[in-house]
Amino acid sequence: VRLPPYEVLSRYAFNLEQVPQSEWCVPKDCLRFFKKIAEEGLCEGGCSRCNGLAAREHTGSATSAGEARAARRNVTGSCEQKE
């Protein structure tokens, strides 16, 4: 499902009707904080964040505090452009 990314939506004062359809995209990351993922579990959509965490869990490598902070700050590039 195509949605306007948060950054784009904020440029249009969160007025959905103002955001051009050309700026909408299919999200590839749930953008949830690691604390929420720990509390609620991985998302069911197979996003890049949850898939990466599942792979780390499977291989036994823990997410470092630095990786967690970087992931929390990284809200750009959260969409796959689909025509």
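Glutamate 39 and lysine 36 meet through their side chains in a salt bridge, 3.5 Å from N to O. The term needs a side-chain nitrogen of Lys or Arg within 4 Å of a carboxyl oxygen of Asp or Glu. Remember, this is a predicted model: local features need pLDDT of at least 70, side-chain atom pairs count only at pLDDT 80 or more, and totals for chains, interfaces and linings use all residues. Residues are numbered from 1 along each chain as its sequence is written, and side-chain values use heavy atoms, with hydrogens and water left out.

Back to the pair. Glutamate 39 and lysine 36 are 3 residues apart in helix α2, residues 34-40, so about one helical turn separates them. Helices here are DSSP runs (H or I, at least four residues), numbered from the N terminus.

Lysine 36 also bridges glutamate 40, with the closest N and O atoms 3.7 Å apart. Those two are 4 residues apart in helix α2, again about one helical turn. Shared partners join Arg32, Lys36, Glu39 and Glu40 into one salt-bridge network. In it, arginine 32 pairs with glutamate 40 at 3.1 Å between the closest N and O atoms.

How accessible is glutamate 40? It is exposed, at 51% relative accessible area. Lysine 36 is partly exposed, at 38%. The cut-offs: buried is under 20%, exposed over 50%, partly exposed in between (1.4 Å probe, protein chains only).

Now a ring. The charged end of arginine 49 sits over the ring of phenylalanine 34, 5.7 Å from its centre. That calls for NZ of Lys or CZ of Arg within 6 Å of the ring centre and within 35 degrees of the ring normal.
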